[in-house]
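Hi everyone, thanks for coming. Let's take a short walk through a structure that may be new to you.

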Amino acid sequence: MTHGKARTLGRAEVFKRDWLDGFAGAYGRTVRKVPDAYGVVAAHAPERGKVAVVIGGGCGHYPAFAGLVGRGLATGAVVGDVFTSPSAEQVYRTARAAEGGAGVLFSYGNYQGDVLHFGLAARRLAAEGIDSRTVLVTDDVASGPADEPERRRGVAGDFMVFKVAGAAAERGDDLDTVHALATRANDRTRTFGVAFDGCTLPGATEPLFTVNPGEMELGLGIHGEPGVRTVPRLDAVGVADELVNGLLPELPKGGDGRVAVLLNGLGTTKYEDMFVLYKRVHERLAAEGLNPLHTEVGEFVTSLDMAGVSLTVLALDDDLAPLYAAPCDTPAYRSTGARLEPVAPVATVDESLARPEPTQTAGVVDRLLTAAMVRIEDNEAELGRLDAVAADGDHGLGMTRGMRAAVAAARQAESGGADLSAALLAAGTAFADAAGGASGALYGVLLAETGAGLADGVTPTTVADAVDRAVRAFVELGKAELGDKTMLDAIEPFRTVLREQAATGTDVTEAWNAAAKRATQAAADTADLLPTKGRAARLAQRSKGYADPGATSFALLVSAIGDELAKEQ
């Protein structure tokens with residue numbers, strides 16, 4: 001990796017689109033692209049009477065997730081932007097394309113954005129009479145305590161859980177059985193990783209984090225986060241010992257010692273180096289009385305161009321062993337020959353990626369959101385910088401993408417005669433779909449619920465009521481509390497001041513700007529807080545002194561709208 005130069009040939013804003021089109025074209029003998037969605041399904045799907053195993057997450061992790069689609073493994077995979085969950089709409093479309101009448105097993109890493117969007121898609125399927133189950137992968141021992149596995153992330157153990165689930169579905173097990181076996185695989189899978197250097201987002205000129213030449217990071221994540229502990233750089237034996245030592249206390253008790261082992265490269269670590277590491281790993285596992293029956297060394301769940309490795313161990317039993325060893329045929333992992341079939345080129349056209357330009361005939365929602373879009377674009381780099389302190393650095397790009405989609409949707413709605421309420425609903429839906437991640441879902445709710453509250457017109461009181469309604473929905477969905485260092489720490493002061501202003505009879509513009517001013521101060525004040533939610537909580541101390549990116553983007557958005565309202569008076 002060369003720092004100071006863009007890491008990829010592709011442009012950041014179309015990276016997901018272009019790589020998925022290229023992937024579908026290259027591996028059309030095994031997978032096909034879901035129409036009008038950022039997802040792929042196995043070429044033979046859907047299969048009547050078989051459970052559909054649908055996996056997914058952000059791109060940047062290849063071969064997870066799309067590379068693991070095919071007979072005997074996943075039925076379909078839905079892809080989000082780099083390190084960002086796919087939207088609920090994309091999950092739903094992919095699941096519908098994969099589902100064959102026996103229900104859907106969703107499996108993905110335990111990240112807030114994925115949980116929100118996959119959960120919303122599951123609700124929509126249920127409303128249509130399609131049964132589903134979910135297995136959150138929680139294999140990363142460095143991301144939470146052993147007695148609270150629900151706080152742990154899913155990393156390279158994704159592959160092992162997906163493999164078991166796919167094999168169970170392939171042999172015809174029903175949904176409850178597939179779910180039970182995948183859950184057991186997750187319960188018996190543990191991962192620990194190390195990093196020697198950080199990763200760089202598409203189009204970026206600098207990595208999300210760097211590691212000093214004489215050091216390495218222990219317990220890293222797969223979204224560009226640094227590790228939880230920095231130690232002096234070790235040789236191959238020392239690295240292998242750290243990996244094994246990190247896992248041994250965490251392995252399930254009992255059993256006969258049979259294990260499946262995965263030494264996973266995170267992006268730039270050479271295969272030869274991994275084989276050198278595995279020599280010592282195997283020696284250590286055998287010395288501990290473990291018997292590696294099935295070992296894979298390679299790239300299975302990466303983090304773009306991160307330099308590092310992770311070690312995953314699955315404690316096998318009589319049920320899991322045959323499933324893990326069962327044949328499969330996917331682009332990235334296969335135990336049978338691939339089918340050769342001609343494939344037409346794929347060229348997705350996604351007009352929502354374009355930046356909507358100002359128009360002289362814009363409606364009120366279009367004008368207000370366009371002002372907010374421009375403000376967010378102007379601050380995209382700063383939002384990304386704040387997000388990179390303790391997360392993946394994508395908040396600025398996600399907000400820009402979401403605002404552009406929201407403006408385009410509002411413009412289309414208003415040009416078709418939609419009122420303010422309907423235009424905001426369209427904007428919120430488009431924002432959530434385009435931005436993805438937790439912020440996408442939460443901002444989508446704010447816009448849509450505010451619009452719903454303005455169905456009876458715009459007055460200081462109806463605006464305050466609408467914002468109250470939106471904040472209630474936001475809190476219910478995101479489960480945040482004041483002081484958690486989230487968007488809510490700017491949203492709640494905004495809501496409070498807006499309500500106070502409305503009670504005194506202040507007009508909408510003055511009330512809104514007073515509230516926006518308070519939100520701006522509240523966002524700045526989050527620099528003194530420590531995060532307790534999401535990925536940032538694991539690296540809480542690193543965020544001290546930095547404002548929360550979500551609170552900052554909210555303050556920018558409402559301030560821009562306030563400025564535009566003042567212009568129109």
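First, some housekeeping. This is a predicted model, where local features need pLDDT of at least 70 and side-chain atom pairs count only at pLDDT 80 or more, while totals for chains, interfaces and linings use all residues. Residues are numbered from 1 along each chain as its sequence is written, and side-chain values use heavy atoms, leaving out hydrogens and water.

Let's start inside. A nonpolar core here is a set of buried Ala, Val, Leu, Ile, Met, Phe, Trp, Tyr and Cys residues joined through side-chain atoms within 4.5 Å. Buried means under 20% relative accessible area, with a 1.4 Å probe and protein chains only. The largest such core has 85 residues, and the members touching the most others are Val40, Ile55, Leu73, Leu105, Phe106 and Phe159. Which helix gives this core its largest share? That is helix 4, residues 157–170, with nine residues. Helices are DSSP runs of H or I with at least four residues, and strands are runs of E with at least two, numbered from the N terminus. A second, separate core holds 54 residues, including Met399 and Phe554.

Now please look at helix 17, residues 549–567. Of its 19 residues, 16 are buried. At its N-terminal end sits a cap: a side-chain oxygen of Asp548 lies 3.1 Å from the backbone nitrogen of Gly550.

Helix 17 has a partner, helix 10. Their axes, which are lines fitted to C-alpha atoms over the stretch in contact, are 9 Å apart and meet at an angle of about 160°. That makes the two helices roughly antiparallel, a label for angles over 145 degrees between N-to-C directions, on a scale from 0 to 180. Contact means heavy atoms within 4.5 Å, and here it involves Leu383, Leu386 and Asp387 of helix 10 with Pro549, Thr552, Ser553 and Leu556 of helix 17.

Is Asp387 buried or exposed? Asp387 is buried, at 11% relative accessible area. Its side chain reaches the backbone nitrogen of Asp394 at 3.0 Å.

Finally, the backbone. The peptide bond from Ala45 to Pro46 is cis, with omega near -5°, and Pro46 is in the loop between strands 2 and 3. Another cis bond runs from Tyr62 to Pro63, with omega near 15°. Phe83 is not a glycine, yet has a positive phi of about 60°; Phe83 is also buried, at 1%.

Terms used:
Buried < 20%, exposed > 50% of the residue type's maximum accessible area, 1.4 Å probe, protein only. Expected span 1.5 Å × (residues − 1). Polar contact = N/O pair within 3.5 Å; in protein donor to acceptor, adjacent residues only side chain to side chain. Parallel < 35°, antiparallel > 145°, perpendicular 65-115°, else oblique.
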